[in-house]
Amino acid sequence: MTTSTNSEQTSPLPLWVQRMPGAELERSWIAALIGMVSLGLALVLMPALNGSFVYDDISLVVNNPWVRDLNTAMTVWQEPLWGFTDPHLSGQVGFWRPLTVITLALGRSIGGGEAWGHHLISGLLHLAAFCAAWSLLAALLRHHTASFLIALLFVFHPLQVQAASWIAAVNDPLAGLMVLLALNSHVRWRGRGSQGTPLLTAVFLFLGLIAKEQALVGLPLLLLLDWLLLRCDASNGRPRPSILRSWTPVLMCLVIWWLLRWSVFDSPSGGLGGALVGLGLDFTRGLQLRAEALGTWTFSILWPQNLPFFHMVRPVLAFNEPEWIKAMIGLALFAGLLSWGIRRRSIWWIASILALPLAVVPVLILPENAGAFPIADRYAYLAVLPMMGIVLSTLAQIVRPKHLLLAAPLLALVMGLMGNERASLYTDDETFHRQATLETPDVPAAWLGLGRVLLTKYRISAEDSLRDEAMVAFLQSLVLGHDYGDKHPRLGPEAPVSDRLQELLGVINDRRANPRPDPRIMVSAMERVDGNLGQAWCYLLTAMISPAPEFNTAISTFRAVIQAVPQSSEAHTGLGVALMAAGNLTDAEPELREGTRLNPRSPQSWFNLGQCLQKVNKLNEATSAFKEAAVLRPDKRTRRHLAMSLIDAGRNAEAEKVLAALNSDYPQDPQVLLVQGHLDYSKGNLTRALDWFDRALHVEPNLGPAHRMRGEVLMRQGQRVAAIDAFGRACELMPESFEAHYNGARLLLEDKATVQQARGMLEVAYRRSPPGEVRATLSGALTQFVGSDADAMMALSQLEQARGDWGGSLRWTERVLSLPDLWANHPDRSESISLVRQVRGSLFEKLKRPAEAIQEYESSLESNPASFWTLHNLGLLLGKEGRPDLAQPHLANALKNIDALGPGTDINSIRPAVQRTLEIALQEIAAHLESFEGPMTALPKLPPKKD
């Protein structure tokens with residue numbers, strides 16, 4: 001807020017304010033102006049108001065049990081903000097924001113769990129901040145119209161969109177409002193002659209601090225205001241009040257806040273001692289980052305273009321980088337504006353400029369505590385207000401002060417249009433992340449978020465294109481931070497997804513690649529883990545949906561993550577789910593239990609553990625697991641599974657209580673009706689159960705579980721044909737359902753006329769069957785269909801290999817070799833038989849039976865002496881068994897036949913790696929043979945050879 005003459009340095013008001021008309025406005029005018037701003041703000045934020053949850057909204061709001069209602073929110077004053085996710089992590093983060101939790105609970109209560117309730121709260125808080133800013137400026141400037149114009153630019157500035165549109169950032173307008181109210185209270189207390197003590201100032205500041213830690217800016221801003229007011233009061237001859245009386249309430253507020261944090265985090269640091277993220281910057285880059293932040297905010301406030309959500313911190317920022325050039329321009333503007341005020345000796349101008357760094361001082365001091373993106377728009381929420389005073393002061397030098405009545409609203413209109421366009425990014429999570437990957441393609445968080453969104457959609461629709469694009473996103477996040485030189489991926493978003501996927505897979509899987517770190521891009525270890533976990537989930541969901549599932553890739557990827565990060569609850573849970581989907585419940589259960597141990601507040605871990613325990617018939621333990629999941633994530637799906645587990649455990653009275661709550665929250669919901677039917681089915685009330693299933697299908701005709709359970713009722717009632725139809729429909733809707741295919745096949749096998757129709761259902765049931773008696777029975781039933789079809793039996797053998805059942809795979813190969821005249825008229829009969837023997841050899845290796853493996857490999861070579869993989873496997877196995885003299889010729893022959901692997905120049909070829917393995921093995925054998933005088937280890941006796 002400038003002056004144009006040196007005489008103004010002693011004036012209580014800037015000259016342009018004195019020349020503005022409308023120093024006093026009637027209450028009706030004030031109410032009308034607030035109404036107009038409310039309408040304009042609603043139009044600007046309309047895309048977000050109609051939008052859904054994005055990014056951190058999913059975890060902080062949708063999956064947060066602490067914001068389910070106001071009563072629950074009131075009980076978590078002793079919990080960190082993220083304490084519901086992971087106690088260890090939340091303690092490291094150090095956020096304690098009980099007022100924010102209550103505000104989120106209020107938004108959920110208003111909107112009934114829908115996003116609009118939260119968006120309404122954010123919009124109202126931003127509007128209230130406008131009113132508080134107007135009131136504060138009016139108390140300072142003693143001019144309603146000038147104050148209104150500054151506050152108008154503040155409320156419509158595009159930099160405010162992130163704070164006003166992103167639900168998870170509701171703490172910014174909330175804390176900003178409280179700080180503005182504290183400043184307002186302090187100014188008016190000074191205006192009353194500083195009578196009494198400013199208790200209200202301390203109360204508002206405390207409320208701001210329990211909304212967000214950044215409200216600490218209230219203290220330096222209060223000091224700045226006091227300096228400004230005392231300079232003005234000194235010119236009027238007013239005495240200075242007692243410092244003790246002025247600041248004791250504020251200091252007491254800070255002490256109480258600190259003691260409360262001490263009790264929450266059980267540490268004298270109050271949770272503020274550590275860093276939220278480890279930026280890992282050296283001293284020089286740390287100083288540069290602070291300069292970059294101040295310069296970027298200055299530039300963005302004065303020229304609000306290019307406001308990316310993910311403003312990444314670069315470990316190394318060259319002086320010719322666009323980010324640094326932008327920051328340097330901003331720093332130059334800041335220094336120039338400050339110098340101008342000092343030269344003109346305008347205390348209003350100087351105070352306005354200094355308010356900018358003071359409004360973001362916590363981030364400038366400890367950027368690590370601000371998160372992975374410390375240069376975010378929302379941190380400059382309060383800084384916009386004083387800079388808008390500078391903007392209007394500057395405009396007043398160009399046009400007459402009264403013309404600001406037109407110029408300022410026009411500028412606000414332009415800003416509002418820019419803000420409206422920005423708010424459209426918060427329409428839904430996919431739109432948000434797609435735009436983020438376009439704006440900041442070098443930020444892993446943007447790609448990881450897009451991958452999660454697309455993978456969630458894939459789970460519902462099973463569209464391969466969504467899975468492929470999700471995989472591209474996860475792989476892209478893994479490529480970032482690496483420099484692959486001339487092999488670096490070059491295809492952009494405009495290229496077909498299939499081409500991008502092939503390129504990324506080729507780069508990441510190229511064992512010859514030795515990428516250098518890319519110092520321009522910061523990637524955290526957790527982002528690396530998340531990228532690999534995303535890959536694993538893509539493989540797992542593909543296998544779960546595929547008619548011929550292959551779970552080994554997903555399982556091995558999860559195991560690799562666990563090997564790198566043993567404390568990852570998500571990796572153990574993912575591995576448990578993969579093992580459970582593959583039918584390996586024995587190994588799945590301990591992995592899922594480990595997931596709950598590492599993070600007892602993970603609803604996903606408890607939920608999946610409950611499903612696993614249900615499958616192994618540990619019904620009471622399953623119920624306990626689902627109860628834990630329901631406490632942490634009380635959504636419909638979790639509570640529905642809890643009710644089902646209670647019914648299965650015979651605890652119908654408890655199930656009825658859960659069902660009553662579900663019916664109250666989701667009346668006539670088809671999935672809730674389904675559970676009600678399951679309850680009556682368990683009681684033997686088949687007619688009533690059938691009625692519930694029919695009612696559910698009336699609401700949702702494509703509800704697969706309702707068709708399946710309806711089929712079970714009809715089967716028990718003896719209505720065979722109707723039951724077959726119901727199971728058939730369930731199989732169409734749920735191609736992965738074991739129960740639907742198994743029961744349908746059972747009914748079809750009862751009648752000779754329909755036996756042939758059972759094969760398809762039998763095969764799917766076999767693929768999805770759990771290990772044990774049921775799988776063995778299905779294997780026997782399938783034999784009558786494929787008993788003479790060697791190719792079909794080999795396909796089933798491959799299926800067993802894919803799910804890690806080496807014994808089951810071996811049994812199918814035995815059936816193949818027992819066929820008379822095996823592939824008698826096939827032109828490649830010898831090669832095919834050789835392949836069967838090779839497969840059997842590898843299976844015996846898996847089963848730790850080397851003697852039988854050697855015998856099968858030798859039999860394979862009898863049929864096809866040039867089989868590369870047989871020579872390769874046999875040579876390596878003989879080397880392991882202590883017979884380098886026998887291994888050497890096989891490995892040498894394998895190298896001669898390596899052309900079977902195709903050209904080694906193809907980027908996706910495994911030939912170079914295999915060739916290198918063989919060469920190293922031969923070198924080691926040659927070294928051993930120099931001192932080899934006979935069998936180093938006696939080979940085990942072979943069983944009689946079978947034809």
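This is a predicted model: local features need pLDDT of at least 70, side-chain atom pairs count only at pLDDT 80 or more; totals for chains, interfaces and linings use all residues.
User: What makes the nonpolar surface patch, and how big is its area?

Analyst: Leu70, Leu106, Ile110, Trp116, Leu120 and Leu124 make the patch, which covers about 480 Å². Two elements give two or more residues to the patch: α7 (98–111) and α8 (115–141).

User: Which helix gives the most to the nonpolar patch?

Analyst: That's α8, with 3 residues. Leu120 sits in this helix, α8.

User: Why is Leu120 called partly exposed?

Analyst: Relative accessibility for Leu120 is 34%. Buried would need under 20% and exposed over 50%, so at 34% Leu120 counts as partly exposed.

User: OK, on to the loops. Where is Ala462 found, and what is its phi near?

Analyst: Look in the loop between α22 (444–461) and α23 (464–479) for Ala462. Phi there is near 60°, a positive value in a residue other than glycine.

User: Why does Ala462 count as partly exposed?

Analyst: Ala462 comes in at 33% relative accessibility.

User: How do you know whether Asn617 is buried or exposed?

Analyst: Check the number: Asn617 has 59% relative accessibility. Exposed means over 50%, so Asn617 at 59% counts as exposed.

Notes: Residues are numbered from 1 along each chain as its sequence is written. Side-chain values use heavy atoms; hydrogens and water are left out. Patches are made of residues with over 30% relative accessible area and no salt bridge: like charges are joined within 9 Å, nonpolar side chains (Val, Leu, Ile, Met, Phe, Trp, Tyr) within 5 Å. Accessible areas come from the Shrake-Rupley method with a 1.4 Å probe; for residues, only the protein chains shown count as cover. A salt bridge is a side-chain nitrogen of Lys or Arg within 4 Å of a carboxyl oxygen of Asp or Glu. Helices (H or I, at least four residues) and strands (E, at least two) are DSSP runs, numbered from the N terminus. Buried means under 20% relative accessible area, exposed over 50%, partly exposed in between (1.4 Å probe, protein chains only).
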